[in-house]
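Trainee: I would like to work through this model with you, one question at a time, and see how each answer is reached.

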Amino acid sequence: MSNLKTELEHIKHHIKYPANKTQVIAACNNMTDVPSADKEWVTKSLPESNFKGPDDVVKALLNKV
């Protein structure tokens, strides 16, 4: 992730929770300031799940690092 601060801000503030993987990915794809490689990594790395909030998304992604 080349722009981690921006991406974390998006996860915290631009996704309506609760959200499932499809909703998180859809929100990520609308983030024009996030590099496409980072969007692809999130798409591949985020597990199928329902996320109660941004902490759940971050924890799920950190498990893939």
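This is a predicted model: local features need pLDDT of at least 70, side-chain atom pairs count only at pLDDT 80 or more; totals for chains, interfaces and linings use all residues.

Trainee: Which side chain of opposite charge is nearest to Lys-21, and how far away is it?
Mentor: Lys-21 is buried, yet it has no salt bridge. A salt bridge would need a side-chain nitrogen of Lys or Arg within 4 Å of a carboxyl oxygen, so the distance decides the matter here. Among the residues that Lys-21 touches, not counting those up to four places away in sequence, are Thr-43, Leu-46 and Phe-51, and Glu-48 is in that list as well. The nearest side chain of opposite charge is that of Glu-48, at 4.1 Å.

Trainee: Lys-39 is buried yet has no salt bridge; what is the distance to the nearest side chain of opposite charge?
Mentor: The place of Lys-39 is in helix 3, which covers residues 36-45. Leaving aside neighbours within four places in sequence, Lys-39 is in contact with Cys-28, Asn-29, Met-31, Thr-32 and Val-34. The nearest side chain of opposite charge belongs to Asp-33, and the distance is 7.2 Å.

Trainee: How far apart are the C-alpha atoms of Val-34 and Asn-3?
Mentor: Along the chain, Val-34 and Asn-3 are 31 residues apart.

Trainee: What are the relative accessibilities of Glu-7 and Glu-9?
Mentor: Glu-7 lies in helix 1, and Glu-9 lies in helix 1 too. Glu-7 counts as buried, whereas Glu-9 is partly exposed. The value for Glu-7 is 6%, and for Glu-9 the relative accessible area is 33%.

Trainee: What are the C-alpha distances from Glu-7 to Cys-28 and from Glu-9 to Asn-20?
Mentor: Glu-7 and Cys-28 are 21 residues apart in sequence, while Glu-9 and Asn-20 are eleven residues apart in sequence. From C-alpha to C-alpha, the distance between Glu-7 and Cys-28 is 8.7 Å, and that between Glu-9 and Asn-20 is 18 Å.

Trainee: What kind of peptide bond joins Tyr-17 and Pro-18?
Mentor: Most peptide bonds are trans. The place of Pro-18 is in the loop between helix 1 (4-13) and strand 1 (19-20). With omega at about 0 degrees, the bond that joins Tyr-17 and Pro-18 is cis.

Trainee: Which pattern does the protein chain follow along the sequence?
Mentor: The secondary structure comes to four helices and two strands. Read along the sequence, the pattern is α-β-α-α-β-α.

Trainee: Why does the radius of gyration of the protein chain agree with that of a compact globule?
Mentor: The C-alpha trace spans about 25 × 20 × 20 Å along its principal axes, and residues 24 or more positions apart account for 57% of the contacts with a separation of 6 or more. For 65 residues a compact globule would have a radius of gyration near 11 Å, so there is agreement with the value for the protein chain, 10 Å.

Conventions
Residues are numbered from 1 along each chain as its sequence is written. Side-chain values use heavy atoms; hydrogens and water are left out. The radius of gyration is taken over C-alpha atoms; the globule rule is 2.2 Å times the number of residues to the power 0.38. Contact means heavy atoms within 4.5 Å. Buried means under 20% relative accessible area, exposed over 50%, partly exposed in between (1.4 Å probe, protein chains only). Lys and Arg count as positive and Asp and Glu as negative; His and the chain ends are not counted.
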